[in-house]
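Please consult the sequence and the coordinates alongside them.

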Amino acid sequence: MSVGKPLPHDSAVLHVTGQARYIDDIPAPAHALHLAFGLSRIARGRIVSMNLDRVRAAPGVAMVLTAENLDRPADCSPSAHDEPLLSDGAVHYLGQQLFLVAADSHLAARKAARLADIEYAEEEPILTVEQALAANSRFEDGPRIWSKGDAEAAIANAPRKLRGRIEMGGQEHFYLEGMAAMAQPQEDGVTIHSSTQHPTEIQHKVADALGLPMSAVKVECRRMGGGFGGKESQGNALAVACAIVAHKTGRACRMRYDRDDDMTITGKRHDFRVDYEVGYDESGRVLGVDFTHYTRCGWSLDLSLPVADRAMLHADNAYLLDAVRITSHRLKTNHQSATAFRGFGGPQGVLGIERVMDEVAHELGLDPVEVRQRNYYRAASELNEAPQHHDDPAPALPTDGDTDLASRGAQTQLPAGEAAPEKGRNTTPYGMEVTDFILHEMTERLLETSDYKARRKAIAQWNAENPILKRGIAFSPVKFGISFTLTHLNQAGALVHVYQDGSIHLNHGGTEMGQGLFRKVAQVAASRFGVSPERVRITATDTHKVPNTSATAASSGSDLNGMAAKAACDTIRTRIAEFLAGLHQCSASEVRFADDQVHVGGESLSFEQAVKLAYEARVSLSATGFYKTPDLKWDRIKGQGRPFFYFAHGAAVTEVAIDTLTGENRILRTDILHDAGHSLNPGLDRGQIEGGYVQGAGWLTTEELVWDEKGALRTHAPSTYKIPACSDRPDLFHVDLWDAPNPAQTIYRSKAVGEPPFMLGISAFLALSHAASSCGPAYPNLDAPATAERVLAAVRRAKG
Amino acid sequence: MTEIAFLLNGETVRAGGAPTRSLLDYLREQRGLTGTKEGCNEGDCGACTVIVTDPEGGLRALNACILFLPQLQGRAVRTVEGLAEGGALHPVQQAMVEHHGSQCGFCTPGFVMAMAAAHAQGRTDHDDQLAGNLCRCTGYAPIIRAAEAAEGTALPAWIESDREKLATLTTAQVAGDAARSADAASGPAGGRAPYEPEAGRGSDATLTEAPGFIPESADELAAWYLDHPEATLIAGATDVGLWVTKGLRALPETAFLNRCEDLKRIETKDGRIRFGAGVTMTRVMETLAAPYPSYAEMVRRYGSVQVRNAATIGGSLANGSPIGDNAPALIALGATIHLRRGDDRRELPLEAFFIDYGKQDRQPGEFVEAVSLPETRESFRVYKISKRFDQDISAVCAAFDVSVENGVVTAIRTGFGGMAATPKRARAFEAALTGKPWNIESVETALPALADDFTPLTDMRASAQYRLESAQGLARRYFAEVSGQRTSVLEVRA
C-alpha cells in the first residue's frame, strides 16, 4: 500500500529540471496584454485629481482603466465587499490600486504605471494601535470577548500575580513565486490561470466582476510557488483585473506583481499586542488569566475576523485554564489588509500564553518546562470517556446572490448552532472537551531524547564562564485545533476516472503549493485501488471538475480531499467488485484490490484486465466523492462549541546563543517531536515540520516589517526583509514523528501537519529570552521579532 | 547593443537589442527557457541562478536577473534546462529528488544551479554556497542533505565541452556579424523545441538606449570614457542592475568592463596589495582570507556566492554607498584609491574619496582603476551587524586597527559604515584612545566619543540608538577579541 511511504513530491523531477510550470511560465496566446496597477503614494486621503495622460501615451500601452471605466463595480474582498479593485476616490493605504494599465509587455506596463499625475487631499493615517483605539477605528462594533469561569476573581484571589505585555510583529509570506494570474477569453466566458489557494473564490470574484454566472468562469491552478496563506484571498485582484481587460479587449491578459509591488500591495500576517494579567500559585499553576489582544487588521476586513478568532481559540494552547477571559480588538488601520498566514492567528494566541508560562516560571525560579507540564490539559489516557462524536447533518446553505460563501471571511447566514459548553473538567476556554491530549507523553519523550535537563545545567555553567556570549534553551509545545472555524467550509469533493487501460485520473478541490497534497491524495487513491502510485495521474485543480471547493487552508487539505478522493475511489472500486463478484458467484466483499491486481474467487486478474472487463460490461468507471467533517458545532459570537474535529500536537526544544554586546543571535540546535497521526507520507510530513519550524523561527527573529510614519512599508524586498537563509536553520536539527493513530476518524488516521509545526518556532524565541535572562535578575520582556536590536534591549532590561 | 555571441546550453547564440536587457528576461521571454525563475529581480533570492563559464575556463554561479546581456560576451551560460544530460539527471538533481529537497519547487532550479556550481568546484561549505538562495518551504535541511549526498559524484560532461566550445568561439564570432539577426537563426537551447518568442513580452527599452560599449582594456575604456563622461560604467551590475529592474531607469550610455583583463589584476609589491577595480569580491575574499580573516568573513557575509562572483571591488567603492562594507574596512586599513582619467592618474587616501552622500571625488571621465592596501596588519578587525548573518546589508559596519606599544595605544585607525552619510573614521573616538593605556577602562572612557563622531539615522535596518549602542559594542568586542576572549556568536556550537 502506498499510504505511509515517504514518496517524493509528485513534481520533484519537474522541479529540479525546471520543467514544472507556474503561471508566468505558461505561454500566452499571441497579442497577450500585460497588466500593472498604478499604486497610491499616500496612506489615507482622497484623490483630488488623477491625470493619466502620460500613462496612456507611454510606449506600448493599450488601455488604462480607472474605477469609473468599469462596467460593473469590481470587488476583491473575500468577506465584506469592501475592497474595490480600483479606488473609488478614497485612499486607504499606501500601495492601494488606483488604476490599471494594460500594455504589450510587463516592463512597458510597469513603466507606464509610474507616470500618473495624481493630486491627493491627504489625511492623517491611522497607523498605531493607540491611534486606532483613540479613533475607535475597528471592525465589528466593539471587542469580541470570550470567557470561562471568573478570571477577575481568580486573579484577585491568587497568591501571586503578574501583568505584562508582548508585542509581536507581522510577517510577509515571501512565497518565492509572486502573485500571478492569466485570463484567456472564451466564446462564452473566461478561463483563469491563477496562483491561488482558493480557485472557487477566484471564480466567484471574477464571475461577480464580469456579471457572469460562476459556471462561465473556469479557474485552474496546477501548482503555486508557495502560498502559506498569502494566496488565499490576495490573488483576487490580479485575476479580476485580467478577466476584466480580457473581457473588454478579447485578448489574453497576464499579470504578475514585481516583488516590491507584491510586498507593497498584499496583506501579511497580523501583528499582535497581547496584554496579560495572571494569577498563579507557588507551584506555577495558573489560576486565572486575562488576555487582551490588539491586532492591526489593515484597511479592509479580508479574513481578519476568523484570524482574530483563531488567536482567541489558541490563547490556551496546551493549558487547562479554569478562569480565563480573552478580549480581542480588531483594529482598522491604514495598512495593507492583514490576511491569512500559516497558523491563521493561532501562533499569536499561542505566543501569548507561552509568554505567560515563561514569565511565571521566571518569577518562581522554576524550570519553565515544569510550569508548563503542571498546567497541561489532562491526558487522553487518563480520561475515561471515549471521544464523543455526534451526528450533525449540515444545514441547508443560503443561496442568494453573490454573497461570499466559500471564503473563511464569509458572513455566515446560518443560525448559530446552540452550542452549550461541554460538562467535563478538561474543557477549553470555548467549552470544547479535550479528549485527545497527548503532550504529557510527548513532552517526556522529547525531554529525554533532547537531553534537556543536562543541557540546561551545562548551559548555566557555560554562561557563568562566558561574560560576552550567552546561551539559552527552551521547550515549547503546541496543541492546534484542526478544522475551518466556519463550519460549512469543512467539505470537499473529488473526481476520479478509471480509463479502460487501467490508468487513473485523480482530481480534487485541494491546491498544491508545495506541501505535497497531490502526492498524499494520490497515495490514498492508489491504496484504495491497490495499485502503484505511478498509475495515478495527478491533475490541476479545476473549478470545472470539482465545484464549490474551500480554500486549501487551515491545514485541512489532506484531511478533506483525502477523504473525498477515498469516497470517489471506493464508489468505483465497489462497482468493479460487485461486477466481478457477480461473474465469480461470490460476495463483493471478498474481492480484494492489492499489488496492482484484483483477487476474486481464487483468481487474480491484473488491474488492467479487471478494468477492461468492467468497461466491456458497461460499468461506470467515473465517480465523484464528497466528504464533510463530522461533529462540528460552533458559535463564534458566544465563543462556545466544538469548532475542531481534533487537535494536532507537537513539541520542540531549541538552544540558542546570543552576543550581549550587540544582541546578535543564532539557533544552535533544535529537537522536535511532532504528532502527524499515522503519517500518510513521513517524508513530506518531515518537510512540513522542518520548514514550518524555520518559518516560525523566522517570524520571531529576523523577519521585521517596518512602516514609516507616513504608512509606507520600508521593508518591501528581500534586501530589507530578511527571511531565514540556509545558515539560519539549526546546525543540529532532529525531527521525529510521534506516529500514533489519530483517535478521530481521519483518512488512514493521519493528522493535519501544515500549520502546527510553525508554532514550534516559539521555542527559539523563548530560548533567546532565556539567554537574555542569564544577564541579570529581571525578566527580559523580549518582544518579537527578536532582532539583534530587540535582544540587546532585552539584555539591558534583564540587567535591571 | 552591439550584437554579442555566447554559448547557451552548448549552442552558440547571438543577441542584440537593449544593452540593459537582463539575461533572465532574455531567457524567459526570448528563448522560452522558463526554468530560470524571477523571485525578486534584485539578486537577493537566487531563483534565477545560472552557471556562467569564462573564456579562461572558470565556472561560477550568477544571478541572471541582474546580469546584462553584454556581460556575457564570449562566455558560456548553462541554465537548468541544460543541466541534465542524455536523460540522466545531474547528481544534485537526483539527490534533491531523493531527499525531498523541493516542496513548491519555485526556488529549486536556482538551488540546483548553485549546487551544481559548488559541486563542480568540489565545495562542501554548503551553507555558504547556498546563502544566496532563499527557500521558504523546506527550512533548508533536506536541501543540505541533498548537497551532502551529491558530494564527490561524477561531473557532467558539459563542463568540459562548454570549455572546449568556448575556446573555439573565436574573436570573429564574438565580435558578431551585425547583419545577422541571430535569435531566429540559432537552434534550440536546452532540449526544447524552437521557441516562438511571445509577441510583445520583450523589453521596450531599445529606443532610448545606445549600444553598450564593451572595451577590451583599461586603455580603451579610458579613451572612450573621456568622450562619454555621462556613461554608466558597469562591472558586476549588482547595484546598477537594480537601477534598471527596480528603478526602471533607461541608461542612455553604458560601458561593460568585464572584458578588461588588465582591470582584474591582483599585484603585491612594496608591502601593499593592489586590486584592479574589476577584481570580483570572490577573488578579494580569497586573497584576504590569510592576511585579514575578519575581512574575508565580512565579504562572505555581505554578498552571496552569486553576488560575490559578479560584484567588483572597484564598483563597490565607485558607487559611494554609505552602507557598503568594503569602504569602512579599507579606510581603517589606510587604503589608497587609484583614479584614472584618460592617461592621467592620481591617488587618494580612500576616506578622502567620499565627500558627501552620493558625492565622490571623481571628475567627469575619471574612473576607479585600482585600490591598494597594506599587505598585512595583524591588529585589524572588521565586524558587521545586520538582521540576518548572510546576504544582508549592514546596519553598522565597524573596522578597527589599534597599534599598541608597551601597553599604550600609539596609533588607531577606524572605519564605520551605516553611521553617517558616508563611510568614515571615528576621529573623536580615535583621539580619545590615542596615547592611553590599552585596557578596557580606556576603551570604556573613549566610547562616549562615538556619539560625537556620529549622529546615525533610524531606518528599517536599525534605530539610531541601536546603531550607536552596537557600534560601541563592536569596539568592546574588538578589545575582547584581541585580548583573547570568546566573542563570536557564529563560533558557538551546541
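Q: Which residues do ring pairs link into a cluster?
A: This is a predicted model, in which local features need pLDDT of at least 70, side-chain atom pairs count only at pLDDT 80 or more, and totals for chains, interfaces and linings use all residues. Residues are numbered from 1 along each chain as written, chains are lettered from A and ligands numbered from 1 in written order, and side-chain values use heavy atoms, without hydrogens and water. Rings of Phe, Tyr and Trp (its six-membered ring) pair if their centres lie within 6.5 Å, with planes under 30 degrees apart counted as stacked, over 60 as edge-to-face and the rest as tilted. The cluster consists of B:Tyr383, B:Phe400, B:Phe416, B:Trp438, B:Phe454, B:Tyr478 and B:Phe479.

Q: What is the geometry of the pair B:Phe400 and B:Phe416?
A: The ring centres are 5.7 Å apart and the planes stand at 90 degrees, so the pair is edge-to-face.

Q: Is A:Tyr22 buried or exposed?
A: Buried means under 20% relative accessible area, exposed over 50% and partly exposed in between (1.4 Å probe, protein chains only). The relative accessibility of A:Tyr22 is 2%, so A:Tyr22 counts as buried.

Q: What share of the residues in chain A is buried?
A: Chain A has 800 residues. Its C-alpha trace spans about 80 × 80 × 50 Å along the principal axes. The buried share is 69%.
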